[in-house]
Amino acid sequence: EEKKMKSYTKQSLQQSFKETFNEDSSNVFECGGRFEVLGNHTDHNHGLCLVAACDLTLGAAIKARKDKTIAIYSKGYGLFEVDINNLELDKKDEGSSKAMVQGICSYFKQNKYKIGGFNAYIVSDIAPGAGVSSSAAFEMMICHILNFLYNKNKIDKIFLAKAGQYAENKYCGKASGLLDQIGVVFGGFNYLDFGDINNPVVKNIPFSFNNLHLVIINTGGSHAELSDLYSSIPSDMKEVAYHFGKKVLRDVDEDEFEKFIAENKDHFAPLTTKRAKHFYS
């Protein structure tokens, strides 16, 4: 069997960092994407999920800076900088990598964790739009770097996941739940229960993928322009919940929902009904 080799090595990241920033890096990080196994697009309504980390990764060579600038060169995308003294979102940057970094820094700062400048050279083997959450991998990479450089690696994983979600919600205009970030930051294969949305249960499950091959189809598409469509999923589910006097579908009895739909099949828009059924199934 052939296994695709990574497009980077520790040495190549260090070399590229030196060529880009004219100094040696201090550390190398790696962060992978995630597979939604079951329960995708239910976390925001307090659902149950299975998520697995994947070995499609992005790598980064990094070094702290003494000023208040985060400079990131991403291979294939170029260089951008963030002044961490100014974390207000410029609308023209909404949804960009720069906005993600700003959002994460803002969340750290609001919660009294330290932030600081650094240089990073990043290479990604996660194809954009592949559905394995390149955005969450990037967010968790930034979180790990800030945690390592400025917080002595003492920040817990759930907080890091929430920092990524905050960046998605407030700086990228995407109403995402926590599934992607938790799948990335915890690694392995995990069962997630979002009954308490602020303190989800994360339970590692021993599971081997040795006899399974997950295939990703390159559709040539992108998720970049789909934020409104993604945001409509939790909205539709919550519309159904509100009808039953609840805020989220987790609190609506499935039998009560099915009985109502059987008697009032045209009450909700067809897509809204399908999305509610998806939550339960």
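Accessible areas here come from the Shrake-Rupley method with a 1.4 Å probe, and for residues only the protein chains shown count as cover. By that method the chain exposes about 15200 Å², of which carbon and sulfur atoms supply 49%. The structure is a predicted model, in which local features need pLDDT of at least 70 and side-chain atom pairs count only at pLDDT 80 or more, while totals for chains, interfaces and linings use all residues. Residues are numbered from 1 along each chain as its sequence is written, and side-chain values use heavy atoms, with hydrogens and water left out.

The chain has eight helices and seven strands; these are DSSP runs numbered from the N terminus, with helices (H or I) of at least four residues and strands (E) of at least two. Along its principal axes the C-alpha trace spans about 70 × 50 × 35 Å. For 281 residues a compact globule would have a radius of gyration near 19 Å, and the 20 Å of the chain agrees with this. The radius is taken over C-alpha atoms, and the globule rule is 2.2 Å times the number of residues to the power 0.38.

Buried residues make up 47% of the 281 residues, where buried means under 20% relative accessible area, exposed over 50%, and partly exposed in between (1.4 Å probe, protein chains only). Among contacts (heavy atoms within 4.5 Å) with a separation of 6 or more, 69% come from residues 24 or more positions apart.

Next come the charges. The chain has 33 positive and 35 negative side chains, and the centres of the two sets lie 7 Å apart. Lys and Arg count as positive and Asp and Glu as negative, with His and the chain ends not counted; the place of a charge is NZ of Lys, CZ of Arg, CG of Asp or CD of Glu. Side chains of opposite charge can pair when their charged atoms come close. The structure holds 15 salt bridges, each a side-chain nitrogen of Lys or Arg within 4 Å of a carboxyl oxygen of Asp or Glu.

One of these bridges joins glutamate 30 to lysine 6, with the closest N and O atoms 3.8 Å apart. Glutamate 30 lies in strand E1 (residues 27-38) and lysine 6 in the segment before helix H1 (10-21), so the pair ties together parts 24 residues apart in sequence. Glutamate 30 is partly exposed at 45% relative accessibility, and lysine 6 is partly exposed at 38%.

Another bridge links lysine 63 with glutamate 23, the closest N and O atoms being 3.5 Å apart. Because lysine 63 sits in strand E2 (residues 48-64) and glutamate 23 in the loop between H1 and E1, this pair ties together parts 40 residues apart in sequence. Lysine 63 has a relative accessible area of 30% and is partly exposed; glutamate 23, at 24%, is also partly exposed.

Lysine 92 forms a salt bridge with aspartate 93, with 3.6 Å between the closest N and O atoms. Salt bridges that share partners join Asp90, Lys92, Asp93 and Lys98 into one network. Lysine 92 is exposed at 65% relative accessible area, whereas aspartate 93 is buried at 12%.

Aspartate 236 is buried, with a relative accessible area of 13%. Not counting residues up to four places away in sequence, aspartate 236 touches Leu271, Thr272 and Arg275.

Glutamate 258 belongs to helix H7 (residues 254-263) and is partly exposed at 31% relative accessibility. Glutamate 258 and phenylalanine 21 are 237 residues apart in sequence, and their C-alpha atoms are 60 Å apart in space.
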